[in-house]
Amino acid sequence: MMTMVFAVEEINRNSSLLPGVTLGYRILDSCDNVHTSLRALLSLLTPVCIKGNITEETRHLKPQTERVASCIADSPVPAVIGLASSSPTRAVAHTLGPFSIPLVSYFATCTCLSDKSVYPSFLRTVPSDLFQVRGLVQLVTFFGWFWVGTVGTTDDYSRYGIQGFSKQIRLKGGCLAFQLTVPKSPTTAEIREMADELQHSSARVVVVFATEGQLLELFLEGTLGFSFPGVHIPGLAEFLLNIRPDGKPGMELINMFWEEQFGCRLNLREVTSKENTTDAGERVPGLGAFCTGSEDLRDTDRSYTDMSQFRISYNVYKAVYTIAHALHTLLNCDSTNNSSGTCVKHQSVTSKQLLHHIRTVNFTNQFDEKVYFDSSGEPVPLYDIINWQRDRENVMRFVKVGSYDGSGPFGQHLLIDYNNIVWAEGQSEVPVSRCSAPCAPGSRQARRPGEPRCCFDCLPCADGEISNHTDSTECHKCPEYYWSDADKVKCSAAVEEFLSVDDTIGIVLVTLTLLGVLLTVAITLVFHRYRSTPIVKANNSEMSFLLLLSLKLCFLCSLVFIGRPATWTCRLRQAAFGISFVLCLSCLLVKTIVVLLAFRTSAPSQRGFKLFGPSQQRTLILCTTAPQVCLCAGWLLGAPPFPARNPTYQASTGKIVVECKEPWPYGFYLVLGYIGLLAFLCLFLAFLGRKLPDTFNEAKLITFSMLIFWAVWISFIPAYVSSPGKFAVAVEVFAILASSFGLLFCIFGPKCHILLLRPEKNTKRSITGKYRR
């Protein structure tokens with residue numbers, strides 16, 4: 001109030017602003033109450049009407065209302081400065097709006113007042129709560145406080161402020177632990193209930209929407225608050241400290257302040273009883289000591305005498321100068337046609353004209369601050385961030401620790417010097433306020449049912465997924481051919497898997513392959529050594545050597561399946577496997593036919609061997625092998641297998657399978673089917689000759705070998721289909737080796753036993769004599 005008086009008197013002394021014009025003022029107390037504010041407003045704007053006999057028409061409400069409206073429209077007061085609280089301001093602004101009487105507030109911050117359709121004549125020199133809420137949200141999130149409570153009062157400032165803060169903090173991922181509203185006159189039970197909720201809450205940070213006077217007991221050391229920028233106004237401190245009480249009309253508010261400040265009673269008003277009249281300083285029963293009026297305000301230690309910086313008072317100061325500059329323009333004080341150097345005082349001034357000029361005012365004051373309003377009647381949103389700290393004398397002081405500029409570039413609105421902040425109980429570390437501990441990288445948040453989203457559990461990311469920052473709400477799947485590391489924070493190139501010679505399985509299979517080749521070579525050498533003996537000659541030695549050669553090829557083709565797949569190995573492996581086994585089975589087919597012809601004819605040395613001699617045997621081998629060769633050649637030329645990376649098993653094993661992809665899988669089925677056809681034919685013919693004489697019966701050995709062959713390959717199919725990755729290749733190699741060993745041992749094992757261990761049976765008599773009659 002006194003700052004407004006100071007500003008008016010300073011302007012009246014200023015010859016450059018409103019020259020020749022003297023500003024006046026009238027001050028009324030709103031008592032921070034809606035009804036009192038409206039009563040004061042009407043007495044301010046319509047003093048003549050109020051003093052007149054307006055009550056003559058109280059029985060007719062409509063005429064009375066029209067008369068009051070007419071009085072307000074014709075009011076000599078062109079502008080109003082105030083009020084401090086949002087709720088009374090809304091009522092006054094709503095009343096003044098239809099009459100275009102400007103209302104400039106210095107402390108009403110409710111965002112609701114920005115609605116120009118409801119409050120068209122309202123402006124303010126204090127930023128809207130919209131910016132304060134934004135700043136609070138940035139401040140809270142800056143310190144990592146995502147679990148906070150709110151405390152407010154029942155006025156519009158608190159209600160709208162908490163509503164905006166709640167909405168924006170949720171958008172930033174925060175949550176409210178509680179929302180408390182302090183009644184105007186709380187009972188002891190209500191206070192106790194609120195205190196219990198504050199103490200039992202897991203939130204360590206409370207956001208308060210109230211002035212320090214409303215919830216003074218909550219501001220303890222460590223509090224952070226948004227305040228308006230403070231300045232030093234020259235001459236204002238001396239002016240405020242030099243005020244004195246007076247008995248003149250209009251000094252009532254100063255007199256009341258004086259009595260409350262010094263705890264005494266002024267002897268300036270009339271007394272009704274002579275007994276109460278004594279000298280100054282003497283105590284009066286029930287009233288306390290009398291004030292002399294000469295007490296010094298410098299001797300008191302109250303908020304009034306804290307003049308280190310003017311904050312709210314500066315908003316009042318700007319409001320007065322804003323109206324003065326608008327009047328300066330409206331009265332053409334700077335007009336070039338104005339030769340007298342004074343304002344055009346005879347020009348009529350309406351509140352609507354003044355409102356227009358206030359809206360468009362734009363000047364730079366003595367503190368180098370640009371003063372202007374946006375389209376909503378809002379000033380530049382500037383705040384100081386202050387910290388409540390106790391000094392050595394245990395006195396609470398406001399220390400600036402940062403600033404917030406709502407008009408600044410993105411990301412530079414908030415500036416904090418957190419090293420100078422003193423937290424509750426003198427702590428220097430930033431308090432932690434979270435419902436749940438943050439989830440480390442490599443894990444994600446899992447919401448707890450029925451609880452706010454800030455309350456969660458941390459679950460590790462699944463294989464193949466990562467989260468590389470704290471408090472991730474979800475895990476991200478790694479790209480194809482990549483896999484998560486052990487900590488689930490980084491995607492690395494996935495490990496390639498194939499049947500390698502370094503694997504244990506690979507080593508075992510290579511060893512068995514080489515063993516099979518060596519055994520086949522050894523048996524070949526044994527047969528070559530005893531090639532002239534009866535048992536070798538009697539078992540068709542040419543077919544035996546060709547069969548041994550094909551078995552060597554069967555063993556060796558398994559090596560093509562081991563190692564990293566390449567273009568040539570992918571094309572060679574199935575063709576080599578198919579042709580080698582067809583050649584092997586063709587030899588067995590020929591041997592089976594020879595055995596049947598030898599024992600189904602009465603003169604085996606004559607007619608049977610003439611019908612199926614060596615040339616016919618070679619022709620049959622050629623004819624049975626040629627279809628497989630043609631099939632493999634067409635397959636490789638038309639749709640050859642090629643090496644490819646298969647991520648199918650990446651989710652379960654974390655590895656990429658490098659395999660030979662077959663664009664035409666029917667080729668492999670046809671190759672395998674033709675082998676099965678020859679094996680079935682051999683088994684069928686050998687089964688027919690199973691009861692031939694044992695001494696020379698090779699059909700029984702072929703039958704056993706085919707049964708083993710069929711058992712191996714029938715079990716191979718389901719094992720191959722169900723085996724993942726390199727194990728499918730290992731199953732096929734194992735089937736090749738098992739069937740090859742089965743043929744080798746069944747066909748040549750008994751003969752080697754006679755050649756090496758029972759040479760006495762290797763005679764023509766032993767072979768043929770048993771069957772003579």
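# A guided look at the chain

Visitor: Which residues does S723 touch, leaving out residues up to four places away in sequence?
Guide: The model here is predicted. S723 sits in the loop between α21 and α22. Setting aside residues up to four places away in sequence, S723 touches Y649, A728 and V731.

Visitor: Is S723 buried or exposed?
Guide: Its relative accessibility is 14%. The cut-off for buried is under 20%. Therefore S723 counts as buried.

Visitor: How do α21 and α22 run relative to each other?
Guide: α21 covers residues 699-722. The axes of α21 and α22 come within 9 Å and cross at roughly 175 degrees. Angles over 145 degrees count as roughly antiparallel. So α21 and α22 are roughly antiparallel.

Visitor: How many charged residues does the contact of α21 with α22 have?
Guide: On the α21 side, the contact includes W713 and F716. On the α22 side, it includes E732 and G742. By class, the contact has 20 nonpolar residues and 3 polar ones, and the number of charged residues is 1.

Visitor: Where does α22 kink?
Guide: α22 spans residues 726-757. Its kink is about 45 degrees. The kink comes shortly before the proline P750, at F748.

Visitor: How many of the 32 residues of α22 are buried?
Guide: α22 is largely enclosed by the rest of the structure.

Visitor: What is the angle between α11 and α12?
Guide: α11 covers residues 312-330, and α12 covers residues 351-359. Their axes are 8 Å apart. The two helices are roughly perpendicular, in a right-handed crossing. The angle is about 115 degrees.

Visitor: Which residues of α12 make the contact with α11?
Guide: α11 brings T322, I323, A326, L327, T329 and L330. The residues of this contact divide into 6 nonpolar, 4 polar and no charged. From α12 come Q353, L354, H357 and I358.

Visitor: How far is L620 from S586 in space, C-alpha to C-alpha?
Guide: L620 lies in helix α18, residues 614-638. L620 touches L589, V590, I593 and F612, not counting residues up to four places away in sequence. L620 and S586 are 34 residues apart in sequence. In space, C-alpha to C-alpha, the distance is 7.6 Å.

Visitor: How is L620 classed by accessibility?
Guide: Buried means under 20% relative accessible area, and exposed means over 50%. L620 has 21%. L620 therefore counts as partly exposed.

Visitor: Which peptide bond is cis, with omega near -5 degrees?
Guide: Most peptide bonds are trans. The cis bond runs from G82 to L83.

Visitor: What is the phi of D368?
Guide: Most residues other than glycine have a negative phi. D368 is in the loop between β11 (362-364) and β12 (370-372). It is exposed, with a relative accessible area of 68%. D368 is not a glycine, yet its phi is positive, at about 60 degrees.

Visitor: Is D471 buried or exposed?
Guide: D471 has a positive phi of about 60 degrees, although it is not a glycine. D471 lies in the loop between β18 (465-466) and β19 (476-477). At 18% relative accessibility, D471 counts as buried.

Visitor: What share of the chain is buried?
Guide: The chain has 23 helices and 24 strands. It holds 773 residues. The buried share is 45%.

Conventions. Residues are numbered from 1 along each chain as its sequence is written. This is a predicted model: local features need pLDDT of at least 70, side-chain atom pairs count only at pLDDT 80 or more; totals for chains, interfaces and linings use all residues. Side-chain values use heavy atoms; hydrogens and water are left out. Axes are lines fitted to C-alpha atoms, for helices over the stretch in contact, and angles run from 0 to 180 degrees between N-to-C directions. Helices (H or I, at least four residues) and strands (E, at least two) are DSSP runs, numbered from the N terminus. Angles under 35 degrees count as roughly parallel, over 145 as roughly antiparallel, 65 to 115 as roughly perpendicular and the rest as oblique. A crossing is left-handed if the near helix is turned anticlockwise from the far one by less than a right angle, and right-handed if clockwise. Contact means heavy atoms within 4.5 Å. Ala, Val, Leu, Ile, Met, Phe, Trp, Tyr, Cys and Pro count as nonpolar, Asp, Glu, Lys and Arg as charged, and the others, Gly among them, as polar. The bend at a residue is the angle between axes fitted to the seven residues ending there and the seven starting there. Buried means under 20% relative accessible area, exposed over 50%, partly exposed in between (1.4 Å probe, protein chains only).
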